[in-house]
Amino acid sequence: MNAPVKPELSGTDEARGGAPLLSVRDLVTRFRTDRGAVTAVDHVSFDVRAGETLAIVGESGSGKSVTALSILRLIPDPPGSIESGQILFDGQDLLGLSEAEIRAVRGNRIAMIFQEPMSSLNPALTVGMQVGEPIHQHRGAPWAKVLRQARDLLGRVRMSDPDARVGAYPHQFSGGMRQRAMIAMALACDPQLIIADEPTTALDVTVQAQILDLLQDLAKRANSALILITHDLGVVARYADRVVVMYAGRVVETAPARELYARPRHPYTRGLMASVPRLDGDTAKRLVPIEGQPPDLSALPPGCAFAPRCQEATETCRLSRPPLRAVGTRHQVACTLEN
Amino acid sequence: MRAYVVRRLLALIPTLLFVSIIVFVTVRLIPGDVIDMMLTQNDLSADKPSREQLVQALGLDRPMPEQYLRWLGGILQGDFGRSLWQSTPVLDELMHRLPVTFELGLLALIVGLVIAMPIGIYSAVRQDTAGDIAARSFSILLLSVPSFWLGTMVTVFPSIWWGWSPEVNYVRFTDDPIQNLKQMIVPALVLGAALSAVTMRMTRTMMLEVLRQDYIRTAWAKGLPGRLVVMRHALRNALIPVVTLVGLQAPLLIGGAVIIEQIFVIPGMGLLLLEAVNQRDYPIVTGVFLVVGLAVMLINLAVDLSYGMLDPRVRHR
């Protein structure tokens with residue numbers, strides 16, 4: 001999955017017009033653990049515009065999945081809780097909604113696709129019922145009608161023989177088919193935003209591209225925005241309009257995908273790029289791993305969280321935490337060295 | 001599916017044969033044989049039959065294998081033999097008593113589940129709250145109270161406090177359902193209490209396990225209310241081990257019925273068995289055990305079949 005970076009779709013944000021669809025502001029999500037409180041998401045801010053694909057990139061434990069779950073308020077509490085911030089969706093702060101109001105958003109206006117298709121479907125219920133369930137819940141359609149629509153949805157995700165699949169159970173499906181079913185479920189109520197949390201990590205490489213192509217194609221057709229959470233920069237290059245790079249619960253860099261590939265500013269982003277094999281670039285170039293261990297969230301250094309692994313770190317980096325600063329029109333980076 | 005059931009039913013035959021041999025032999029090994037008892041009981045009668053006459057009349061002079069084969073041959077023709085004391089056919093006695101115990105067991109099962117399931121679910125959903133702790137304490141209490149003690153307390157104290165005591169003249173369900181149920185509900189509660197304690201804890205544990213699964217998160221992400229997440233998505237998956245447990249408890253329920261029937265004077269199989277054992281009425285004891293054995297095996301089969309209904313992954317083809 002090392003396609004060249006695609007050109008940006010339709011110019012600037014202003015050209016697409018208006019306020020962003022989703023605007024996350026200073027989101028803080030903490031977990032209480034045996035070793036004290038851990039800040040999994042630390043003052044994270046980003047925007048998603050209607051119809052756009054935003055990629056959130058980072059390694060395990062960078063807080064990208066917790067960010068995604070926080071948007072729909074699906075953080076298990078206890079042990080987790082959203083401490084502060086705003087999640088403005090279509091002008092409405094999701095964090096201020098009542099339990100019933102957020103339920104009306106989940107699966108209806110914002111849908112989510114999870115990483116593990118094997119365990120994300122209920123083994124005891126038919127696929128058709130699970131795919132159609134959001135329609136039953138949010139549109140109040142009778143089950144007979146719901147199952148007909150579920151069959152259509154399975155057809156839309158290009159599953160062969162959808163009539164038979166509707167009555168089948170998840171264990172009769174392969175991983176790729178289950179993820180197709182999850183996509184169908186996400187599309188059920190024509191959501192304005194789909195959050196896909198590493199949707200292909202658990203799948204065979206051969207199926208990954210199919211699933212992502214399908215997901216983006218259907219999202220574009222439905223004019224749904226897409227948040228694609230991944231650790232795979234190849235995926236980012238091929239599918240994302242804009243990218244948010246996270247490290248240790250913080251946003252370290254955000255930029256349009258093309259800009260990020262052309263001019264990565266944060267040492268961590270550059271490190272990620274250097275550790276990904278490319279077919280279109282200089283094949284003789286050696287892959288460079290990022291040295292050191294991923295950070296321990298319960299014992300972060302006072303300064304830049306990446307400083308202990310950063311080749312270019314200075315004393316300033318270790319002492320004070322760099323804020324996110326604009327380095328271009330839509331390019332922001334949190335690095336002391338970029339001043 | 002049908003082939004599977006037929007296969008399972010055929011497999012019952014060798015098991016029942018084995019059970020019958022064990023029961024047939026062990027009953028006759030109980031010290032103090034029936035002849036001695038009959039002789040001592042008949043002390044006052046004038047024309048006292050001799051020991052040899054009695055043994056011969058009851059067919060107990062034959063070698064045990066022959067007795068067994070005769071008895072087995074009778075069963076194959078639908079003849080379970082006759083009571084040694086009343087000389088009534090064993091089958092009639094069983095048919096008369098079986099529905100009573102069946103009703104008691106079924107009521108106890110229903111009572112047990114009706115108490116256990118909602119509390120178990122509540123306990124899991126409200127894990128570690130005061131309600132959960134209260135529910136868990138309640139189940140420990142039920143678990144530690146033996147049913148013979150509870151049964152005795154229930155017959156003694158209400159009569160002292162309110163002058164109420166359980167009805168001892170048994171009314172059959174077919175004669176007067178209301179009166180029958182009124183009579184059976186207290187014994188069923190006592191018998192069901194122990195069952196509900198175990199089931200409650202199992203339901204809670206399994207619900208907690210299932211509620212952590214990824215597909216539960218999917219259900220929340222769809223915007224379902226908690227009620228549907230629990231009832232539609234979690235409960236069914238949690239029920240599978242609970243059903244196994246209830247199936248395993250069924251023989252204990254039958255054992256418990258022996259004691260409960262004694263306390264509440266309910267003329268079921270339990271009471272029949274107890275009297276028969278005391279009188280060394282071999283054909284009755286053997287007959288009761290055969291029926292109980294068959295019942296336990298059928299319950300196990302029902303449990304196995306219910307997996308298929310609950311879990312599509314084990315559905316029999």
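**Entry 1: the contact between the chains**

How many residues does the contact take from chain B and from chain A? I found 18 residues from chain B and 22 residues from chain A, where two residues are in contact if their C-beta atoms, placed from the backbone, lie within 7 Å. On the side of chain B that touches chain A, α9 and α10 (226-264) of chain B each supply at least two residues. The largest share of that side comes from α9(B), with 6 residues. Helices (H or I, at least four residues) and strands (E, at least two) are DSSP runs, numbered from the N terminus.

**Entry 2: the model and its confidence**

I note that this is a predicted model, in which local features need pLDDT of at least 70, side-chain atom pairs count only at pLDDT 80 or more, and totals for chains, interfaces and linings use all residues. Residues are numbered from 1 along each chain as its sequence is written, while chains are lettered from A and ligands numbered from 1 in the order in which they are written.

The predictor gives the complex an ipTM of 0.85 and a pTM of 0.79. For chain B I read an average pLDDT (the predictor's confidence in each residue, from 0 to 100) of 84, with 96% of the residues scoring at least 70. Within chain B, confidence is lowest in helix α2 (residues 34-41), at a mean of 70, and highest in helix α9 (residues 214-221), at 92. Where pLDDT is low, the predicted coordinates should not be read in detail.

**Entry 3: chain B, overall and by annotation**

I looked up the secondary structure of chain B, which comes to 12 helices and 0 strands. The C-alpha trace of chain B spans about 85 × 55 × 35 Å along its principal axes.

The UniProt record (unreviewed entry) assigns "domain: ABC transmembrane type-1" to residues 98-307 of chain B. UniProt positions are given in the numbering used here, feature names are shortened, and annotations may be inferred rather than shown by experiment. Over residues 98-307 of chain B I find 84% helix and 0% strand, with the end C-alpha atoms 27 Å apart.

The UniProt record (unreviewed entry) also places the feature "transmembrane region" on chain B, including at residues 9-30 and 238-264. Residues 9-30 of chain B are 95% helix and 0% strand, and their end C-alpha atoms are 32 Å apart. Residues 238-264 of chain B are 100% helix and 0% strand, with end C-alpha atoms 35 Å apart.

**Entry 4: a helix pair in chain B**

I examined helix α7 (residues 147-161) and helix α8 (residues 177-211) of chain B, which pack at an angle of about 150° with their axes 9 Å apart. α7(B) is therefore roughly antiparallel to α8(B). Axes are lines fitted to C-alpha atoms, for helices over the stretch in contact, and angles run from 0 to 180 degrees between N-to-C directions; those under 35 degrees count as roughly parallel, over 145 as roughly antiparallel, 65 to 115 as roughly perpendicular and the rest as oblique. Among the residues that meet are B:Leu150 and B:Val154 in α7(B), and B:Val186 and B:Val190 in α8(B).

**Entry 5: strands of chain A**

In chain A, 8 strands form an open sheet of mixed pairing, in the order β6-β7-β8-β3-β9-β10-β12-β11. Its edge strands are β6 (110-113) and β11 (325-326), each pairing on one side only. Two strands pair if DSSP finds at least two bridges between them. Strands β3 (residues 53-57) and β9 (residues 242-247) of chain A run parallel, joined by 4 bridges, and A:Leu54 stands opposite A:Arg242 in β9(A).

I also followed strand β1 (residues 22-33) of chain A, which pairs with strand β4 (residues 80-89) of chain A in the antiparallel sense over 8 bridges. β1(A) is joined to strand β2 (residues 36-48) of chain A by 9 bridges, again antiparallel, and β1(A) and β2(A) form a hairpin with 2 residues between them.
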